[in-house]
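Student: Could you take me through one part of this model in detail, the place where the two chains meet? I'd like the numbers along with the cut-offs behind them.

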There are 2 protein chains.
Amino acid sequence: MTSLNRLGLSFIKSSRLLKRKYLFQSQMMSLSSQVTSFKLVCNKFGDPKEVIELQDESLCMPQNDEVLVKVVMAPVNPADINMIQGVYPVKLSPVPGAVPGNEGVGVVTHVGGDVTQLKPGDRVVPSTPALGMWRTHIILKAHQLTKVRDDLEFVDLAGITSNPCTAYRLLKDFVALSEGDVVIQNGANGAAGQNVIQLCKAWRLRSVNVVRDRPDFEQLREYLMQLGATHVITEEQLRKWSLDVAKPKLALNCVGGKNALEVLRRLDQGGTMVTYGGMSREPVTIPTSSFIFKDITLKGFWMTRWSNDNTCSEARKQMLDDLMCFMHDGRLKAPNHKLVSIRDFRDALANTMNPQGFAGCKYIFDMRLEEQSC
Amino acid sequence: MTSLNRLGLSFIKSSRLLKRKYLFQSQMMSLSSQVTSFKLVCNKFGDPKEVIELQDESLCMPQNDEVLVKVVMAPVNPADINMIQGVYPVKLSPVPGAVPGNEGVGVVTHVGGDVTQLKPGDRVVPSTPALGMWRTHIILKAHQLTKVRDDLEFVDLAGITSNPCTAYRLLKDFVALSEGDVVIQNGANGAAGQNVIQLCKAWRLRSVNVVRDRPDFEQLREYLMQLGATHVITEEQLRKWSLDVAKPKLALNCVGGKNALEVLRRLDQGGTMVTYGGMSREPVTIPTSSFIFKDITLKGFWMTRWSNDNTCSEARKQMLDDLMCFMHDGRLKAPNHKLVSIRDFRDALANTMNPQGFAGCKYIFDMRLEEQSC
């Protein structure tokens, strides 16, 4: 982010002092040409609980094509953790100094003189990942922001650019699906998987959803059926496969290993399996005959690449419009979540590093808690 | 083949008697409304050397849309062996009674009254596999035959529908390649691999060709370089990869296992690997990161399916025209081969079941040897 270069940085760690500065900023913002932002900074790659620090910075008013955004919410996602650990293909930069946070939602407070497409009061989400949303205020170029609807919950919008978009593209970009077609997915209780279930329901596709066997399977099954799943089965049931359903044209794999192979085996002739995760940490093993005689196609999907390739594309606009429409209608719900203060970042990081699966929930930084706590 | 139903079959095993019948047929064919054909018949699925038998049959003159073809040459391919063993996805039918032989070339001798597109003297190849070319004469529907050029060697035409077509489609159908682009393949010394090398040369593509390490590697390397290979390397050299060449956009895999994984690792971002064989009998194992972050696509190719889907397509016509043009120019050469009598079928089957690789050669039934031996 080029705008970081011209920021005056100060490193004040005292929580009380930070609170006072935030209060001062809230009172003085309209009188001053500067605003104090609080942000989580990555000092070096490593254990997120060790290397992340809360800092403040003074932001000048936006110039030219810049926009000042007051961030409202920013989720903590597994990809954020991997970026802090330094193990993600996209590197945080510069370290020390970079702010993590691939997604979030905010409200425009000030715009530079050349900005015509946004105005104060507009709700916005970042147009690409890795802009660093774990802060209370951010200055970005106008083209780095996408205006979103103002009649939706912030908590829906905060996470719209990762999992709902991933599910949307997985169902749209690989196989031409028609009403009644069957999609099979593993890791169906994951964040993307839950969105896949809801989008299948909205588009009248049938979904076969595979989850690990577990003590609370019936409870999970009930939950996913309520989201719109056609079938919810365990890996064991997948191997036996007694479902009275057409063969799937599309398989979505975020697990890998034997599970992925079993899912692949259920695919229809000429079907496609898209891999977008590898939770088992095992590779995908494919019999030669699946390629030659069953004509299976295997592809991969990475939302980050798609987003970077489609910052301003019509496809992205259409996708966000569709997703927001589904959110407005109640057909696409945010996952279980907990709103936390940016000051409680260690809890939030620890939670994301030790996912509780279905029993757990997603932590979302709610920047409004700063104001309330002052 | 429906035309089999109305054939009068006799089961005469004596080689001398068969010879006399063939001689008689050659002399009497123009006077008679029947012709005697000698054919290899599969009596049951199993060891080809045990279950194949030479028989004769009387063929009536072709009626309506039928064509009588005097077969000139028919190769023995690994797929023929697998079909006799009963382990191929396409089954010989009916067994007992079916004639193997997926490809070959012949000359039209008589046509039925409704046939306009073929005439006696035309050279033809089968339009689809599995028509049973291991016989001296065959009656087919006109649409099951494709007319080919008469200024090419029979030995080139005999094998045109399998390996040259496979290589052509592998290079045409999966990645849009431009002059100078790099293709990597394993099993490069195989029958399809040698065609890939020659077509790459003809289309000004660069080919990186991986073969197993072997005592006669330098000799093999020399041979493949003469065919037009850009680089010929062993699996060990593939792992170390010190070639000064752009990353391949397309990988062709007929080996599987670790070899396929190493080939995949050399692919360019967004590249495609097409599997058309699995000589190692090991599956293809793909790291999740190759799908997600490297955006690799894996597909399969089976010439049989393509042929069945494209019996009369413009794409097939264009392909055969191109391949015959390359054969005429000397840019596409038949592999090392040995012409054998259909009576020596046990030798031919044994040879194909125990491939000698580069040191070996392909056995092709030359039906003209019957006439000469009479």
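Tutor: Here is a walk through the interface, followed by a few spots elsewhere for context. First, the ground rules: this is a predicted model, so local features need pLDDT of at least 70 and side-chain atom pairs count only at pLDDT 80 or more, while totals for chains, interfaces and linings use all residues. Residues are numbered from 1 along each chain as its sequence is written, chains are lettered from A and ligands numbered from 1 in the order in which they are written, and side-chain values use heavy atoms, with hydrogens and water left out.

On chain A, 26 residues are in contact with 26 residues of chain B, where contact means heavy atoms within 4.5 Å. The size of an interface is often given as the accessible area lost when the parts come together. Here the area buried between chain A and chain B comes to about 2,100 Å², and carbon and sulfur atoms give 61% of that; buried area is the accessible area (1.4 Å probe) that two parts lose on being put together, summed over both. Three residues stand out: Phe291(A), Ile292(A) and Phe293(A) supply 27% of the area that chain A buries against chain B, more than any other three residues.

Now the polar side of things. Between chain A and chain B there are 12 residue pairs in polar contact, both residues being at pLDDT 80 or more. A polar contact is a pair of N or O atoms within 3.5 Å; within protein, one must be able to donate a hydrogen and the other to accept it, and residues adjacent in sequence count only if both atoms are side-chain atoms. Which elements of chain A give two or more residues to the side that touches chain B? They are β14 (284-286), α10 (288-292) and β15 (297-300), with helices (H or I, at least four residues) and strands (E, at least two) taken as DSSP runs numbered from the N terminus. The largest share, 4 residues, comes from β15(A). By type, the residues on this side of chain A divide into 14 nonpolar, 8 polar and 4 charged; Ala, Val, Leu, Ile, Met, Phe, Trp, Tyr, Cys and Pro count as nonpolar, Asp, Glu, Lys and Arg as charged, and the others, Gly among them, as polar.

The strands get involved across the boundary too. β14(A) is joined by 3 bridges to strand β14 (residues 284-286) of chain B, and the two run antiparallel; strands pair if DSSP finds at least two bridges between them. Within that pairing, Ile286(A) has Val284(B) as its bridge partner.

The rule also finds 2 salt bridges across the interface, a salt bridge being a side-chain nitrogen of Lys or Arg within 4 Å of a carboxyl oxygen of Asp or Glu. One of them links Arg305(B) and Asp295(A), with the closest N and O atoms 3.3 Å apart. Arg305(B) lies in helix α11 (residues 303-309) of chain B and Asp295(A) in the loop between α10 and β15 of chain A, so the pair joins two chains. Arg305(B) is buried at 18% relative accessible area, whereas Asp295(A) is partly exposed at 25%; buried means under 20%, exposed over 50%, and partly exposed in between (1.4 Å probe, protein chains only).

For context, the structure holds 40 salt bridges over all chains. Among them is Arg239(B) with Glu236(B), at 3.1 Å from N to O. That pair sits 3 residues apart in helix α8 (residues 235-240) of chain B, so about one helical turn separates the two. Arg149(A) and Asp151(A) form another, at 3.0 Å. Lys39(A), Glu57(A) and Arg135(A) are linked in a salt-bridge network.

What about the chain behind the interface? Chain A has 14 helices and 17 strands, and buried residues make up 56% of its 374 residues. Of the contacts in chain A with a separation of 6 or more, 73% are between residues 24 or more positions apart.

The side chain of Ser37(B) reaches the backbone oxygen of His137(B) at 2.9 Å.
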